[in-house]
Amino acid sequence: MLQQITPENGIRIVNYSGKKRENHYYPWLKLGFKLALETGGRRPGIVYLKFGDIIEKNGKPGIIRIPDDKINNQFKLTGDDRKFLNIRITEGMLCLLEELDYDQYKGTDRFLLAPEVINKRHTMLSKLTKAFTHYYSQLNTGRHLTLYSCRRANITIESLKRGAGEPTDHHTDLKVEIEHYIDPKIVAATRFGSKVFSRSKKT
């Protein structure tokens, strides 16, 4: 799908006259979708992720510290009371950090995604969602996938790596993961030897 993300393919005609158009292309989209897949984070966790949220282990990036927005919003937790998720960094995420000059910016308040966007950064949340749906629909796969599918895919793959009985870093409740996040299609694909994701530095 990443190959579909071009300025030309970003235009959507919203009426039959062709006069009303929507633009779903943004230079930072590809990175945004990659971050969604590699972190399994919700939209705020992607848009507001900073280099300073990367925690090193043995001198290398090891964990991403992301606010647990669902819990924080549910219980109205703010400041020092906020809860965080410690997400282990994938091989693919390490490759992305290399591309983003991690060594230069580590420990800073610089955003990983579109650091040049300062004002109205919250609008990126809906832009990510709409753009994913727009570009994926151009593939004509017959499936209905959304940005949320990246989160499900990440959690499913991480769950398969750990084996039965152990939740991923995204949840402490294994039952919640099984009922709401584990994708049976991905599980079936991996059992038959299919590659779900390609981990490569050439992204």
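Helix 7 buries Ser149, Cys150, Arg151, Ala153, Asn154, Ile155, Thr156, Ile157, Glu158, Ser159 and Arg162, where buried means under 20% relative accessible area with a 1.4 Å probe and protein chains only. The model is a predicted one, so to speak of local features takes pLDDT of at least 70 and side-chain atom pairs count only at pLDDT 80 or more, while totals for chains, interfaces and linings use all residues. Residues are numbered from 1 along each chain as its sequence is written, and side-chain values use heavy atoms, leaving out hydrogens and water.

With 11 of its 15 residues buried, helix 7 is largely enclosed by the rest of the structure. Helices here are DSSP runs (H or I, at least four residues), as are strands (E, at least two), numbered from the N terminus. From first to last C-alpha, helix 7 reaches 22 Å, close to the 21 Å expected at 1.5 Å a residue, that span being 1.5 Å times one less than the number of residues.

Helix 1 (residues 29–39) packs against helix 7 (residues 148–162) at about 35°, the axes lying 7 Å apart; axes are lines fitted to C-alpha atoms over the stretch in contact, with angles from 0 to 180 degrees between N-to-C directions. Helix 1 brings Phe33, Ala36, Leu37, Glu38 and Thr39 to this contact, and helix 7 brings Cys150, Arg151, Ala153 and Asn154, contact meaning heavy atoms within 4.5 Å.

Then there's the largest nonpolar core, 35 residues, in which Leu29 and Met93 have the most contacts. Such a core is a set of buried Ala, Val, Leu, Ile, Met, Phe, Trp, Tyr and Cys residues joined through side-chain atoms within 4.5 Å. Helix 6 supplies the largest share, seven residues.

Terms used:
Buried means under 20% relative accessible area, exposed over 50%, partly exposed in between (1.4 Å probe, protein chains only).
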